[in-house]
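Reader: I'm new to this one. Can you put it on screen and walk me through it?
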Amino acid sequence: MPKRPYVIEEMISAKAIAARIEELSREIAEEFEDTDKLVVVGLLRGSFVFIADLVRELDLPIEVDFIEASSYGDSMESSREVRILKDLRGAIEGRDVLVVEDIIDTGHTLNHVTNLLLSREPARLKTIALLNKPSRREVEFVADWIGFEIPDEFVVGYGIDFAQRNRNLPFIGKVSFVE
Ligand code: PRP
Ligand code: MN
Ligand code: MG
């Protein structure tokens, strides 16, 4: 439980997210139009809402798999040490893979996870993140698709937590501390 009282202000509405996902899914379908074996990989836990909405807009033959990585725990600050808590169920060697992430902040999580997945020699590996905070980068990471670039604010909702809370908000909100 977060210890300090805070309020959440809407930053990106559910409607704006849905519209952006429609656009992104068209670009993704174009990139993978020749595939008969796309594996869409969600990074647990933050991406669970985004991946659910994204795959339902994708008119492609896909499989869905998950990998769980954690670097923040209940803290507001990245530990910079990415732990893999649950690996993929399936093999990805020779397959087309799309990694789906909720937010890129310092870059440590996606950098670590994509290096791990690339070592398994997929045919093609692309990445998408709903949100990007370029001002916070500590390791370089450039995703193939980004939903929205956002300023350095603490955000929650649409899968993203603050100390495990608020993942179920249907929009992206900005956290402000009250005192
Ligand atoms: C959050 C978020 C991203 C990552 C981004 O995950 O969901 O995966 O941090 O931060 P980075 O670019 O600085 O690495 P978290 O570790 O909180 O786990 P969770 O997805 O289970 O909330
Ligand atoms: Mn995460
Ligand atoms: Mg988290």
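Reader: Which strands does helix α3 lie across?
Author: One note before that: this is a predicted model. Helix α3, residues 108-118, lies across β2 (38-44), β3 (62-70), β5 and β6. Its direction is at about 170° to β5.

Reader: And helix α1, which strands does that lie across?
Author: Helix α1 covers residues 14-31 and lies across β5 (96-104), β6 and β7. It runs at about 160° to β7.

Reader: Back up to the sheet. What's the strand order?
Author: The order is β4-β3-β2-β5-β6-β7. Those six strands form an open sheet with mixed pairing.

Reader: Which strands sit at the edges?
Author: β4 (83-86) and β7 (145-149). Each of them pairs on one side only.

Reader: How much is the twist on average?
Author: From one strand to the next, the twist averages 25°.

Reader: How many bridges join β6 to β7?
Author: Four, and the two strands run parallel. β6 spans residues 124-132. One residue to look at is I128, which stands opposite W145 in β7.

Reader: New topic, ligand 1. Which residues are closest?
Author: G46, Y72, D105, T106 and T109. In total, 17 residues surround ligand 1.

Reader: Where does the largest share of that shell come from?
Author: From β5, with four residues. β5 and α3 each supply at least two residues of the shell.

Reader: How many of the shell residues are nonpolar, polar and charged?
Author: Around ligand 1, four are nonpolar, eight polar and five charged.

How values were computed: Residues are numbered from 1 along each chain as its sequence is written. Chains are lettered from A and ligands numbered from 1 in the order in which they are written. This is a predicted model: local features need pLDDT of at least 70, side-chain atom pairs count only at pLDDT 80 or more; totals for chains, interfaces and linings use all residues. Two strands pair if DSSP finds at least two bridges between them. Axes are lines fitted to C-alpha atoms, for helices over the stretch in contact, and angles run from 0 to 180 degrees between N-to-C directions. Two residues are in contact if their C-beta atoms, placed from the backbone, lie within 7 Å. A residue is near a molecule or strand if its C-beta atom, placed from the backbone, lies within 6 Å of it. Ala, Val, Leu, Ile, Met, Phe, Trp, Tyr, Cys and Pro count as nonpolar, Asp, Glu, Lys and Arg as charged, and the others, Gly among them, as polar.
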